Amino acid sequence: MAAYDKRVSGRKFDEMREIEAKVGIIKRADGSALFRMGETIAIAAVYGPRELHPKFMQNPETGILRCNYDMTSFSVPERKKPGPSRRSVEISLVTEKALLPVLDLKQFPNAVIDVFIEIIQANAGTRCAGISAAALALAHAGIPMRELVSAVSVGKAGGKVLIDLDKNEEDVEDATDIPVAVTGRTKQITLLQLDGNVTKKDLIEAIKLAKEGCDKINMIQQKALKDAYKSEEE
Amino acid sequence: MNKLLIKEHEIVVPGQELAEGIEYLPSSGTYRDKDKIISMKLGITSLNKNIIKVIPLTGRYHPKVDDVVIGKVVEIGFYGWSVDIGSAYNATLSIRDATEFIDKGEDLTKYYDYGDIIAAKVIRTTKYDSIDITTKGPGLRKLNGGKIIEVTPSKVPRMIGKQGSMISMIKDTSGCNLLVGQNGRVWIKGNETEKENMVTKIIMKIEEESHIDGLTDKIKKLLENKNGSL
């Protein structure tokens, strides 16, 4: 297969799509955020800490985090059947595991923090956009967090290691998709999945690329949070 | 080696480094990682000599002893009432903290029924989830009629003003009865619906523009104008 030297979108190999982040978009939620990467848009709402029902799920030692990821039926070209699916249950679970290490829920025993992630427009990389949005919404809800979490997908398509793959690139034959979530300050990896085949050398290169990308996302997240309250500064 | 990385009253985000060196001490909203102090919340920094604190800008109400709060009765049991005060957990109003004397086995709904709105004071909080409130004390009672609006708890001090200047001004000019709970709930009761609506608008204005200097004067002008047109 011939190695390409250009991406369909005209981006460079280590260039992400245009990113937009905003907090406080849902009035009735305790915390909310919108995170956009190109044509992929995720919104997240946080409710809580609040009493957890059903009661048998309560943990007197710590509060728990409950994530719910869902795609709206109009988010993809072919209508998506609404409601939970095998895929959305998996993504909800990995999102929860990606966010939990940075949260300090010890001070909320028996309580729950609900995170609802809704993808309103999808063009690949939705779980990463969802995690970045959820991290912002959690910070906006005033939940104690040791640091933020940013996520980006990296991968390989057409023989090249790329960052932030869009749908065209993801659908290439033998393409590899690696979603990665990295914490903001200590640069720990909290999510690492892999769909496809990859060599050790390429994986190391891809993760390096993801860490650089997450650094940039982290900056944008910090700015979004600060901008929402800029006027409060004296 | 000790270095402060932020200014006083600066907005910080979770994970942001606030200071370096063991001279500085972490207080609420911060934590220490090796020799660094790091923020845990989205908030404003507050320095007291070498103690660093982050005052949260958002989030649910965190109960403190002696706060006056406005709550809604959600459950009645043998022990007393369970009251939603907008924090992570419901508060408990036990029989002996409710009023002077209640006979054993008496019907508690006679005092406070489901859905009643009450003004109460926090008397006890444990480290975790138990909050005790009382309705014994001046101004603490069931709130009949009127309406309730919710604002961010961190903006309550602005709502009240210096020594209650803002609140008494709104009370005087509008003739409405007003009670601001530390949990961010504001109870408004006036003789006319229009006056209630006007005060609602004013409160929302204060929440929106809480950062502006000379807000009290601005609101005063607004109140006078509105009163003229009413």
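# Two-chain predicted model: briefing

The contact between the chains takes 29 residues from chain A and 22 residues from chain B. S3, H2 and H4 of chain A each supply at least two residues of the side that touches chain B. That side has eleven nonpolar, seven polar and eleven charged residues. The model is a predicted one.

**Chain A: overall build**

- Chain A has four helices and nine strands.
- Along the sequence, the elements of chain A run β-β-β-β-α-β-α-β-β-α-β-β-α.
- The radius of gyration of chain A is 18 Å, close to the 17 Å that the globule rule gives for 234 residues, so chain A is as compact as a globular protein of that length.
- Along the principal axes, the C-alpha atoms of chain A fill a box of roughly 55 × 45 × 35 Å.
- Buried residues account for 47% of the 234 residues of chain A.
- Take the contacts in chain A between residues at least 6 apart in sequence: 70% of them join residues at least 24 apart.

**Chain A: the H2–H4 pair**

- Helix H2 covers residues 126-140 of chain A, and helix H4 covers residues 200-228.
- The axes of H2(A) and H4(A) come within 11 Å and cross at roughly 35°.
- The crossing of H2(A) past H4(A) is right-handed.
- From H2(A), the contact uses A:Ser132, A:Ala135, A:Leu136, A:Ala139 and A:His140.
- From H4(A), A:Ile217, A:Gln221, A:Ala224 and A:Leu225 meet them.
- By class, the residues of this contact are six nonpolar, three polar and no charged.

- A:Tyr69 is found in strand S4 of chain A.
- A:Tyr69 has 27 other C-beta atoms within 10 Å, so this residue counts as buried.
- Leaving out residues up to four places away in sequence, A:Tyr69 touches A:Ser88, A:Ile91, A:Ser92, A:Thr95, A:Ile117 and A:Gly130.
- One of these partners, A:Gly130, falls within the residue range 126-140 of H2(A).
- A:Tyr69 and A:Val115 are 46 residues apart in sequence, yet their C-alpha atoms are 8.4 Å apart in space.

**Backbone geometry to check by eye**

- Most residues other than glycine have a negative phi, and most peptide bonds are trans.
- The peptide bond from A:Gly48 to A:Pro49 is cis, with omega near 0°.
- A:Pro49 is found in strand S3 of chain A, residues 40-51.
- A:Pro54 lies in the loop between S3 and strand S4 (64-71) of chain A.
- A:Asp174 is not a glycine but has a positive phi, near 60°.
- A:Asp174 sits in the loop between helix H3 (167-170) and strand S8 (176-183) of chain A.
- A:Asp174 counts as exposed because 11 C-beta neighbours lie inside 10 Å.
- B:Lys34 is another residue other than glycine with a positive phi, near 55°.
- The loop that holds B:Lys34 runs between strand S5 (30-33) and strand S6 (36-39) of chain B.
- B:Lys34 has 7 other C-beta atoms within 10 Å, so B:Lys34 is exposed.

**Chain B: overall build**

- Chain B has five helices and 16 strands.
- Chain B is divided into domain 1 (3-56), domain 2 (68-134) and domain 3 (147-229).
- Taken over C-alpha atoms, the centres of domain 1 and domain 2 of chain B are 37 Å apart.
- B:Lys34 falls within the bounds of domain 1 of chain B.
- The C-alpha atoms of chain B fill a box of roughly 65 × 55 × 25 Å along the principal axes.
- Of the 230 residues in chain B, 33% are buried.
- For chain B, 53% of contacts between residues at least 6 apart in sequence join residues at least 24 apart.

Methods
Residues numbered from 1 in each chain as written. Chains lettered and ligands numbered in written order. Predicted model: local features only at pLDDT ≥ 70, side-chain atom pairs only at ≥ 80, totals over all residues. Axes fitted to C-alpha atoms, helices over the stretch in contact; angles between N-to-C directions. Left-handed = near helix turned anticlockwise from the far one by under 90°. Contact = placed C-beta atoms within 7 Å. Nonpolar A, V, L, I, M, F, W, Y, C, P; charged D, E, K, R; others polar. Domains from an automatic or database assignment. Buried ≥ 20, exposed ≤ 12 C-beta atoms within 10 Å, placed from the backbone. Rg over C-alpha atoms; globule rule 2.2 N^0.38 Å.
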